[in-house]
Amino acid sequence: MRLYAIILRKLYGEGRGAVPGTLYLVPTPIGNLGDISRRMAETLAQVDFIAAEDTRVTVKLLNHLGVKKPMVAYHRHNAGTAGPAVLERLLAGACCALVTDAGTPAISDPGEELVALCAGAGVPVCAVPGPCALVTALSVSAQPTGRFTFEGFLPMNRKNRAARLEALRGEERTMVFYEAPHKLAATLRTLAEVFGPERPVSLCRELTKLHEEVRRTTLGEAADWYGANEPRGEFVLVVRGAPPRAEEAACLEDGLALVDSLRGEGLSLRDAVRRAAGELGLPRNQLYDAAVGK
Ligand code: SAM
């Protein structure tokens with residue numbers, strides 16, 4: 001029994017305690033407090049201090065957990081001074097949890113610079129897995145998930161925004177964007193212009209919250225709808241990639257035909273894809289996705 005408990009602790013880290021001199025990246029719920037994991041709560045309780053994007057937001061979470069902990073502010077406007085101050089304390093042996101207002105630190109949120117600073121100084125950085133709007137949206141989008149590109153927020157500056165979108169014009173992977181509600185309608189219009197109004201999009205709204213909704217439609221329809229109806233809540237846009245270029249499509253067609261004929265000989269889908277991809281020199285994942293009808 002004791003051995004079993006030790007193995008469980010090794011596997012799940014229960015009660016292991018925070019390791020001195022370590023930066024912990026602790027995600028927080030994106031809307032549903034039920035998504036707080038035991039490890040998140042334990043880590044927040046065990047560290048010496050918390051670096052928070054907004055201490056007023058984090059204190060509410062700590063109150064909910066019954067945790068009292070010293071906090072320092074770490075956000076995009078003070079990262080230049082707060083980052084080195086956090087690093088100094090880590091180097092002196094303290095352990096710190098980095099949290100943002102919601103979701104995973106460093107994902108379109110403060111943290112990227114602190115992680116790089118700590119990693120560069122040889123400080124261990126430990127990521128606690130947890131809520132992230134990107135992964136939640138992608139998984140529920142019903143768009144192809146095998147290959148995707150996370151674009152976060154588009155640049156605000158018109159010129160940079162146009163350049164970014166131009167670079168994405170031929171992108172074949174699924175694209176994931178974050179967007180604020182007051183900019184949603186304009187962004188959908190621009191996306192429809194660049195990618196075409198028929199391009200499929202999944203609008204993932206208020207994920208994990210009471211009014212959670214996934215609208216699977218086209219960019220043109222979405223732009224029209226939100227042009228006329230004010231968007232409410234938080235959104236992630238999951239946009240289907242461009243169709244493969246003609247010669248790739250032709251090769252895929254050959255691959256699919258070979259998969260069909262191998263399946264006719266009794267091979268499983270997986271084996272048929274493996275054999276056909278090998279014979280024709282096609283990417284196995286792409287052929288598999290095409291064969292299952294994505
Ligand atoms: N670090 C966070 C994460 O891990 O998802 C993202 C923070 S970013 C500043 C905030 C954006 O994430 C929002 O504008 C929205 O695009 C997306 N987002 C956050 N929570 C969401 C939710 N519950 N439903 C839909 N989108 C959400």
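Reply:

**The ligand site**

A polar backbone atom of Ile 107 lies 2.8 Å from a nitrogen atom of the ligand. Such a polar contact is a pair of N or O atoms within 3.5 Å. An N or O atom in the side chain of Asp 109 is also 2.8 Å from a ligand nitrogen. On the oxygen side, a ligand oxygen is 3.4 Å from a polar backbone atom of Glu 179. Alone, the ligand exposes 570 Å², and the protein buries 91% of that (Shrake-Rupley areas, 1.4 Å probe).

This is a predicted model; local features need pLDDT of at least 70, side-chain atom pairs pLDDT 80 or more, while totals for chains, interfaces and linings use all residues. Residues are numbered from 1 along each chain as its sequence is written, and side-chain values use heavy atoms, without hydrogens and water.

Now the shell. It has 19 residues around the ligand, and Thr 104, Ile 107, Asp 109, Ala 133 and Phe 235 come nearest (a residue is near if one of its heavy atoms lies within 4 Å). The shell divides into 11 nonpolar, 3 polar and 5 charged residues (Ala, Val, Leu, Ile, Met, Phe, Trp, Tyr, Cys and Pro are nonpolar; Asp, Glu, Lys and Arg charged; the others, Gly among them, polar).

Ala 106 has a positive phi of about 80°, yet is not a glycine. Most residues other than glycine have a negative phi. Ala 106 lies in the loop between strand E4 (96-99) and helix H5 (112-120) (DSSP runs numbered from the N terminus: helices H or I, at least four residues; strands E, at least two).

Methods. Polar contact = N/O pair within 3.5 Å; in protein donor to acceptor, adjacent residues only side chain to side chain.
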